[in-house]
Amino acid sequence: MSAIRTDQPTGDAGADLDERPTHGPARPAGGGAKDGAALNVFSGAFLVLWSVMAAGPLLWVMVNSLRESGKIQGQPFGWPTDLSFENFANAWSDANIGQYALNSVIVLAGSLPGTMLLGSMAAYVIARFGFFGSRAVYLLFAGGMMFPIILAVVPLFFVMDTMGLLDTKLGLVLVYIAYSLPFTTFFMTAFFRTLPGSVAEAATIDGASHSRTFFQIMLPMARPGLISIGIFNFLGQWNQFFLPLALNSESRDEALLTQGLAELSVSQGYEGDWGALFAGLTIAMLPILVVYMVFQRQVQEGLTAGAVK
């Protein structure tokens, strides 16, 4: 019998098979890293530019609040050599900024909690209870955000005048609540929908009422969302200028901070006390900066809650 011989591929042939050219163009090594580095440089430069544009005017106002009026007129973008704290005293007492700030605090002390309470209650009902017309109610709140307040100021003026609420703090509190309620309800409805419904069901099985479930269980769970929307409402109500100007213009002593700053801007333009004007603007900005710095982490948590389940 003759031996049957089989041809086996040699080592060189195997190497030739491994060295066959692949299809497609060769990708240069390190290209992705270079693209990522260029993108990081561009993003960093954009963030720096945005930070300068956002923080630059604030720093400019704060620096000029510590300078004398004559030096501000001679060199608007200069640096203070001698700190002039008299500007804050003049703005607080002579320009009556202290009384205006107190009026704003009193109005917000009533409007902000009222907005948060009514908005969160309406949002919880819309998000958790499927009653007839719930979708229509939700769309009405959403449509309220698109309605310009300037279109309603004339009938609102006559309604408040008829009810005796014109030129009163209570009237502004009610108007602020109605003005901020659509966005608060819209935001909190989406937030309540991200909370686990099994917790509310367990509370109901244990015998808890709807009000107890809401105030003791669901509302504490919605704390990040409440803080976020509370910051937004605080900013909007603290900086509101049109509504107080139209509904609270009778008495100067009852004016809010935005009205006082507008009056100070006009008066100081003739008197030349620019230091007091910048000091008044700084007094108006400080509460906003303090509130945001204290609750910065809670705001970020509230805005990103529900994005990843």
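In which helix do F234 and W238 both lie, and how many residues apart are they? Both belong to helix α11, four residues apart, which is about one turn of the helix; helices here are DSSP runs of H or I with at least four residues, numbered from the N terminus. The model is predicted, so local features need pLDDT of at least 70 and side-chain atom pairs count only at pLDDT 80 or more, whereas totals for chains, interfaces and linings use all residues. Residues are numbered from 1 along each chain as its sequence is written, and side-chain values use heavy atoms, with hydrogens and water left out.

Aromatic pairs come next. A search of the whole structure finds 12 of them, a pair being rings of Phe, Tyr or Trp (its six-membered ring) with centres within 6.5 Å, called stacked when the planes are under 30 degrees apart, edge-to-face when over 60 and tilted for the rest. One of them joins F183 and F232 edge-to-face, at 6.4 Å centre to centre with 75° between the planes. This pair links distant parts of the chain, since F183 is in helix α8 (residues 169–194) and F232 in helix α11 (residues 223–238), 49 residues apart. F183 counts as partly exposed because its relative accessibility is 34%, and F232 likewise counts as partly exposed, at 36%. The rings of F234 and W238, by contrast, have centres 5.8 Å apart and planes at 20°, so this pair is stacked. F234 and W238 are both buried, where buried means under 20% relative accessible area, exposed over 50% and partly exposed in between (1.4 Å probe, protein chains only).

Helix α5 (residues 97–128) and helix α10 (residues 210–221) pack at about 95°, with their axes 12 Å apart; axes are lines fitted to C-alpha atoms, for helices over the stretch in contact, and angles run from 0 to 180 degrees between N-to-C directions. The two helices α5 and α10 are therefore roughly perpendicular to each other (65 to 115 degrees; under 35 is roughly parallel, over 145 roughly antiparallel and the rest oblique). Their contact (heavy atoms within 4.5 Å) is made by L117, S120, M121, Y124 and R128 of α5 and by T213, F214, F215, M218 and L219 of α10.

Finally, N87 lies in helix α4 (residues 86–94) and is buried, with a relative accessible area of 4%. Apart from neighbours within four places in sequence, N87 is in contact with residues including N64, R67, D273 and A279.
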